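Please consult the sequence and the structure shown here.

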Protein chains: 2
Amino acid sequence: MNAPLVKLQKEILETGLDAILISSISNIIFLTNYSGFSRDEREAYLLITKNKQYILTDGRYTDDVRKLIKDFELIEISSKLSAIEALNKLKAKYNLKKVGIEENDLKVNEHKALKKYLKNTQHFNNMHQIRSIKSDAEISKIEKACKLGDETFSFILKKIKSGISEKEIANEIEFFIKQHGGEISFSPIVAFGKNSAVPHHVPDNSRLIQGNIVLLDFGVKLNNYCSDMTRTVFFGKPTTEQKKMYEVVLKSQQKAIDLLMTNHSASKIDNVAREYIIAKGYPSIPHSLGHGIGIDVHELPHISPNTKDVLREGMVFSIEPGIYLPNLGGVRIEDLVILEKNGPRLLTHSPKNLIEI
Amino acid sequence: MNAPLVKLQKEILETGLDAILISSISNIIFLTNYSGFSRDEREAYLLITKNKQYILTDGRYTDDVRKLIKDFELIEISSKLSAIEALNKLKAKYNLKKVGIEENDLKVNEHKALKKYLKNTQHFNNMHQIRSIKSDAEISKIEKACKLGDETFSFILKKIKSGISEKEIANEIEFFIKQHGGEISFSPIVAFGKNSAVPHHVPDNSRLIQGNIVLLDFGVKLNNYCSDMTRTVFFGKPTTEQKKMYEVVLKSQQKAIDLLMTNHSASKIDNVAREYIIAKGYPSIPHSLGHGIGIDVHELPHISPNTKDVLREGMVFSIEPGIYLPNLGGVRIEDLVILEKNGPRLLTHSPKNLIEI
């Protein structure tokens with residue numbers, strides 16, 4: 001049986017629950033490796049008891065489930081058997097009393113319907129922790145996504161020319177990723193000139209002119225796993241001030257990566273990068289230094305000033321310091337890192353020398 | 001003040017509520033015309049009392065809200081003032097006792113936090129009804145989305161050639177739409193040959209060969225409003241049987257559109273198209289004949305066998321009959337229609353003569 005299920009069933013025993021009802025799409029993908037269900041409508045639930053697993057979905061998915069989902073018994077829901085009724089039958093069969101539910105995913109109306117049959121539910125929130133440590137198979141998938149991300153970066157450098165718009169570059173990134181069998185893990189950020197001073201700038205019709213900073217932040221989703229990378233390049237010769245910003249951000253990132261060799265406190269990692277930037281006379285980073293990544297583009301751990309998260313072997317996360325000067329521009333450099341026994345290893349490999357186009 | 005707000009405040013009075021808390025992104029877009037908030041994370045709420053409207057969101061959106069959102073007073077939420085605390089202050093200010101919430105959108109954990117302050121909440125579900133009748137401004141936006149959809153169809157016909165894959169065609173559709181300033185309203189369906197017999201086929205690596213049916217179902221989102229259209233064309237000379245299927249589907253659609261002149265029962269409209277297909281010896285349509293559309297690609301009304309929905313002036317909906325023969329292939333033809341005083345008017349204009357490529 002798959003390792004996450006084993007972990008999860010151990011959790012069920014430890015938390016004194018009789019079963020867990022999984023509704024969130026990312027957790028369903030994690031446990032089944034199947035990503036065919038809609039993110040917008042509720043099309044499936046998993047019910048996991050101490051020693052048995054069920055998937056509840058409708059007839060449209062019967063073939064896929066039988067072919068692609070191992071370890072789960074299918075219960076087909078329909079106009080004659082709602083998901084809630086099916087759960088009620090399982091409740092009777094296994095004498096389920098206390099069931100964990102995902103209160104941060106389940107809607108109020110779904111919960112109301114469920115409560116008619118199951119009075120005793122309790123928030124189950126441990127999936128995030130379980131998912132934060134990646135298996136070898138997951139790491140390999142993230143590496144493949146990163147590889148396509150690196151190829152996308154090489155491709156897009158060739159598209160950067162005078163007069164092209166941010167939106168056009170963003171579309172080219174997306175098109176390239178899709179033509180190579182991937183999806184985007186989030187809408188690409190492309191920011192020219194002073195737009196690069198806005199950390200989450202939405203690409204618009206701004207057109208590239210000489211002297212612009214070009215900030216590119218994008219990710220690939222491949223086999224359900226995400227990559228995420230930011231590079232900042234210069235269209236024309238960078239000014240002395242731009243060069244300095246770039247060098248400070250790059251060095252700040254390196255300081256965080258170096259500290260990972262000896263220190264696994266996520267707040268300390270955030271701190272070393274942040275303090276370096278401040279010491280060089282720049283404003284503090286207006287966002288976290290990094291975030292875990294996997295099926296979702298933002299997962300545990302948090303790498304931020306006040307987090308209590310501890311970085312562990314098998315965690316994959318971003319390290320992404322930045323300097324943002326309103327009306328001037330910004331520089332961000334982001335890589336994905338896996339923490340291994342011997343220390344951190346980079347998963348993104350696009351060049352970080354200062355690139356002038 | 002904007003007309004939907006006037007309607008909504010009338011509803012508040014009629015339903016005996018003191019206020020409504022709007023959380024769903026589509027309803028926020030509808031009421032504010034602003035679409036910058038995430039669909040994945042909760043970033044904003046609207047609180048609408050009988051005579052006053054508030055938008056609660058965080059500092060990232062302050063500039064946008066002040067610039068782009070009329071009629072709503074901004075309450076900035078932060079680490080010092082959560083959305084729930086802000087709502088509690090408004091509750092005290094307006095002596096709110098009974099508040100409508102969107103139980104099909106709000107999460108269980110959000111509801112739990114809210115209930116600490118607001119014991120008396122009630123499901124408010126009338127937004128779907130309000131949104132089903134489109135204003136002139138909304139119709140004009142849908143028409144523009146349909147126009148770009150028609151242009152996309154002309155463009156994509158030129159891309160259909162031997163050896164291209166379904167995924168490649170789907171990506172070309174998406175790229176074209178985005179390069180022309182739109183978004184996709186849903187992931188395009190591209191189905192070759194027997195894949196066209198699966199109504200919601202997901203484009204795969206199947207490559208086009210002579211004799212394939214090519215089913216194309218895609219939509220544009222422009223200025224927050226969606227289009228949706230399906231065309232089925234033939235790569236190579238269609239067989240007599242394929243021609244007959246095409247003609248039956250086309251005539252079935254025409255029968256539904258014709259009946260709209262005199263009959264506004266949605267189930268009757270579904271029935272006339274469905275019965276014609278059955279009378280010609282084909283299986284019944286395995287889906288509804290149509291659906292309303294607007295900010296979401298699926299809205300009210302339902303046009304299905306057992307619906308009680310009545311079609312009214314100002315409603316915009318699809319009419320999309322289809323014949324699907326497993327292992328042979330399928331034909332679907334879909335247009336958007338607005339019901340006007342004088343009858344139905346088509347909003348999609350791509351050709352429907354049998355196209356052979």
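The points below are grouped by topic.

This is a predicted model, in which local features need pLDDT of at least 70, side-chain atom pairs count only at pLDDT 80 or more, and totals for chains, interfaces and linings use all residues. Residues are numbered from 1 along each chain as its sequence is written, and chains are lettered from A and ligands numbered from 1 in the order in which they are written.

**Chain A overall**
- Chain A holds 10 helices and 19 strands, taken as DSSP runs (helices H or I, at least four residues; strands E, at least two) numbered from the N terminus.
- The C-alpha trace of chain A spans about 70 × 40 × 35 Å along its principal axes.
- Buried residues make up 42% of the 357 in chain A (20 or more other C-beta atoms within 10 Å of the residue's own, placed from the backbone; exposed means 12 or fewer, partly exposed in between).

**Helix α7 of chain A**
- Helix α7 covers residues 136-157 and reaches 32 Å from first to last C-alpha, close to the 32 Å expected (1.5 Å times one less than its number of residues).
- Its buried residues include A:I142, A:C146, A:G149 and A:F153.
- The buried residues of α7(A) fall within an arc of 140° seen down the axis, so they line one face of the helix (the arc is that of the directions from the helix axis to the C-beta atoms).
- On the other side of α7(A), A:D136, A:A137, A:S140 and A:S154 are exposed.

**The two copies**
- Chain B superposes on chain A by a rotation of 180° with 0.0 Å of shift along its axis, at RMSD 0.0 Å (least squares on C-alpha atoms of residues with pLDDT of at least 70 in both).
- The two copies are thus related as by a two-fold rotation axis.
- B:K107 comes closest to the rotation axis among the residues of chain B, at 2.2 Å (C-alpha).
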